[in-house]
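Visitor: I'd like to learn how to read a protein structure, one feature at a time. Could you show me the structure and take my questions as they come?

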Amino acid sequence: MLLHIPGLFDAEELTRIREALEQADWADGKITAGYQSAKAKHNLQLPEGHPLAKELGCALIDRLWKNPRFMSAALPHKVFPPLINCYREGGNFGFHIDNALRQPKGSPERVRTDLSSTLFLSDPDSYDGGELVIQDTYGVQQVKLAAGDLVLYPGTSLHKVNPVTRGARYAAFFWTQSLVRDDGQRTLLYEMDNAIQQLTTDVPEHPALLQLTGTYHNLLRRWAEV
Ligand code: NI
């Protein structure tokens, strides 16, 4: 499932973020790439643990944890702290699948990359190219969102970033280990939760809601791994 979560940062915040990123010291994006994906990766990245990446990453995670749509769709267990990248002057990242496991710097725990997220930080009119292209079960999706919007997609997907031919494309990205590993099971739970929320608004007193909500939790209990 591909999910669009809009408006995580407002225009004023995004202007401040981009100003800070323009002043930052960037490193080669290959620093966090695996052996094979390093060959396809041509971009810039803030080093892991960079103060700006930490600050923006914490703010992003804080907002997502308060976002009912993200919580329902991702059912997050652990995250790999967000990284920040920049594509300009032909920068691109060819088709690849992300590494299955990631170990944050200085952490003893590994994160299984069930879900990938990209937060767009640049106005789409300010650069050409730079679409995130994701191949999922329904075919190829091209994603280029407004600044402040996020796309969530399965970590199992083949994906790439098209070359940026004008301007600069800033983005934050991170991985989530979900309580529910399987994308199909997670999607069923998300759809069921949406239906329950809708019924709770439309027919709040209906007695079947009690059973449906119970069934949601019993499925989650069956599938969740903690
Ligand atoms: Ni990737």
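Predicted model: local features only at pLDDT ≥ 70, side-chain atom pairs only at ≥ 80, totals over all residues.

**Reading the model, feature by feature**

Visitor: Which protein atoms are the donors of the nickel ion?

Guide: Look for N, O and S atoms within 2.8 Å of the metal (3.2 Å for Na, K and Ca); water is not among the atoms, so sites may look incomplete. Here the protein donors are His-96 through NE2, Asp-98 through OD and His-159 through NE2, lying 2.1 Å from the nickel ion. Along the chain their spacing reads H-x1-D-x60-H. His-96 sits in strand 6 (residues 92-96) and His-159 in strand 14 (residues 158-161), so this pair ties together parts that are 63 residues apart in sequence. Like His-96, His-159 is buried, with a relative accessible area of 4%.

Visitor: How many helices and strands does the protein have?

Guide: Elements are DSSP runs numbered from the N terminus: helices are H or I with at least four residues, strands are E with at least two. By that count, the protein has 6 helices and 16 strands.

Visitor: What is the strand order in the open sheet of 5 strands?

Guide: Strands pair through backbone hydrogen bonds, either parallel or antiparallel; the rule used here is at least two DSSP bridges between them. The order is 3-6-14-11-12, with antiparallel pairing. Strand 3 (41-42) and strand 12 (139-143) are the edges, each pairing on one side only. Strand 3 is joined to strand 6 by 2 bridges, and His-42 stands opposite Asn-92 in strand 6.

Visitor: Which residues have the most contacts inside the largest nonpolar core?

Guide: A nonpolar core is a set of buried Ala, Val, Leu, Ile, Met, Phe, Trp, Tyr and Cys residues joined through side-chain atoms within 4.5 Å. The largest one has 30 residues, and those with the most contacts inside it are Leu-60, Ile-84, Leu-121 and Leu-150. Elements giving it two or more residues include helix 1 (11-23), helix 3 (51-65) and strand 5 (76-88). Helix 3 provides the largest share, 5 residues. A second, separate core of 13 residues includes Tyr-87, Phe-93, Phe-120 and Tyr-153.

Visitor: And what does Arg-18 touch?

Guide: Contact means heavy atoms within 4.5 Å. Setting aside residues up to four places away in sequence, Arg-18 touches Leu-121, Ser-122, Asp-123, Ala-147 and Tyr-170. Arg-18 belongs to helix 1. Arg-18 and Tyr-170 are 152 residues apart in sequence, yet 7.7 Å apart in space, C-alpha to C-alpha.

Visitor: Is Pro-81 buried or partly exposed?

Guide: Pro-81 is partly exposed, with a relative accessible area of 42%. This proline lies in strand 5. Leaving out neighbours within four places in sequence, Pro-81 is in contact with Pro-104 and Phe-174.

Visitor: Zooming out, what share of the residues counts as buried?

Guide: Of the 226 residues, 47% count as buried. The C-alpha atoms fill a box of roughly 60 × 35 × 35 Å along the principal axes.

Technical notes. Residues numbered from 1 in each chain as written. Heavy atoms only, no water. Buried < 20%, exposed > 50% of the residue type's maximum accessible area, 1.4 Å probe, protein only.
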